[in-house]
Amino acid sequence: MTGRRRVTGRRFTGLAGAILVAGVVAACTPGPGTDPTEPTSADAPAASPSSPDGTVTTVTTDLAAPWSVAFHGDTALVSERDSARILELDADGNPREVGVIAGAAPAGEGGLLGIAVRDSSLYAYYTAGDENRLERFELTGVPGGLGLGSGETLLAGIPAARFHNGGRIAFGPDGMLYATVGDAGDRGSAQDRNAPTGKILRMTPDGRAPEDNPFPGSPVYSYGHRNPQGLAWSADGTLYASEFGQDTWDELNVIEPGGNYGWPEVEGIAGRAEFIDPVQQWRPADASPSGMAIRNGVVYLANLRGERLRQIPLDDLATSTEHLVGAYGRLRDVTLTPRGSLWVLTNNTDGRGNPAPGDDRILQVEPGN
């Protein structure tokens, strides 16, 4: 595999009671087909670049169904869903294989999904047959020659399916490890606090339930989720999460410890006291939100079906500005580099997009105002 970096920018006008742990039998059998709420690009309405001016520079190209980006020091690491490879990028954006997550078994939306790095360890969330797992691997060597040590299972037995696996993992400002888990097609499990599906989980770096979690002895942090795939914290420590709806509304949520976000009883803003409403919602054709990042008081949210980067100010969460609409196809992840640059990961080679030459790629984006 080769990658390349363009030296000139392109200008646009517009632009989880108790949780199931290792060895627990999966409660949901993988089903056929794919999730109709994360459809192919062909199902999205035609769009052209719009919104304020911004600069886009290509960091690397020719990635195969990439899913997540994390940093080991200044070195970018990328997960590829179907190949189960971890890649490192050099200063010129050229990729090199660090290792393969041997237990990963891609099917539908499952495979090697989110990754995170802490204290020279790589954390990976991946699908292995009828379960999803969270493992930790030592990162060996130095940049340009990184390798993976043997894996240590932190959490297993999370039911998997061909769709709704969640999969985003990230360390919060409290030093805890958070993971998004979809309902794996078992809608009712999202309301069952003893099931791991349909949840956001909060764990120590060793995979244990912290003593200050909302439900004693459980890593469940919030519940009532359908398929959350984005996590980000603002400067004051507030956690935000993005979520795929079904047919009506996709969501941006402010996550409260122990909060119930309503699925499958409600979708989107319902105005019912027992559930926490999203702070903003969108039609799935315009969204299907996945990864997200927060920089300088602004949420940046990657959208798959909607093929756009959405910019949401924290001081006015009911508004948003759209960038890159239709310009680069499906967008899977947004991350901040150690230097504060905004990187966007495209996702056109995952079987649902329309790949262009050089897809998939990482873009460095500087949106206009």
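Asp119 sits in the loop between strand 7 and strand 8 (121–128); strands here are DSSP runs of E with at least two residues, numbered from the N terminus. Its phi is near 50 degrees, a positive value in a residue other than glycine. Asp119 is exposed, with a relative accessible area of 67% (exposed means over 50%, buried under 20%, partly exposed in between, with a 1.4 Å probe and protein chains only). Keep in mind that this is a predicted model, where local features need pLDDT of at least 70, side-chain atom pairs count only at pLDDT 80 or more, and totals for chains, interfaces and linings use all residues. Residues are numbered from 1 along each chain as its sequence is written, and side-chain values use heavy atoms, with hydrogens and water left out.

**Confidence**
- The protein chain averages a pLDDT of 89, and 85% of the residues score at least 70; pLDDT is the predictor's confidence in each residue, from 0 to 100.
- Over residues 1–37 the pLDDT is below 50, though this stretch has 141 contacts in the model beyond near neighbours in sequence (contact means heavy atoms within 4.5 Å).
- Residues 39–52 also stay under 50 in pLDDT, and the model has 45 contacts for them beyond four places in sequence.
- Where pLDDT is low, the predicted coordinates should not be read in detail.

- Strand 15 is mostly covered, with six of its six residues buried.
- Five bridges link strand 15 and strand 16 in the antiparallel sense, and Trp233 stands opposite Leu239 in strand 16.
- These two strands form a hairpin with five residues between them, and Gly237 in the turn has a positive phi of about 90 degrees.
- Strand 16 (residues 239–243) also pairs with strand 17 (residues 250–255), antiparallel over five bridges, with Glu243 opposite Glu251 in strand 17.

**Ile115 and its surroundings**
- Ile115 belongs to strand 7 (residues 112–118) and is buried, with a relative accessible area of 3%.
- Beyond its neighbours within four places in sequence, Ile115 is in contact with residues including Ser68, Ala70, Leu77, Tyr123 and Ile169.
- Ile115 and Ala170 are 55 residues apart in sequence, yet 7.6 Å apart in space, C-alpha to C-alpha.

**The largest pocket**
- The lining of the largest pocket has 23 residues, of which Val69, Ala170, Phe171, Thr335 and Leu336 lie nearest its centre.
- Among the strands that each supply at least two residues of this lining are strand 3 (66–72), strand 7 and strand 15.
- On a 1 Å grid over the protein atoms alone, a pocket is an open set of points with protein on both sides within 12 Å along at least five of seven lines, a 1.4 Å probe fits at the points, and lining residues have an atom within 4 Å of a point.

**Backbone details**
- Ala184 has a phi near 55 degrees, a positive value in a residue other than glycine, and counts as buried at 2% relative accessibility.
- A cis peptide bond joins Trp263 and Pro264, with omega about 5 degrees.

Methods:
Two strands pair if DSSP finds at least two bridges between them. Helices (H or I, at least four residues) and strands (E, at least two) are DSSP runs, numbered from the N terminus.
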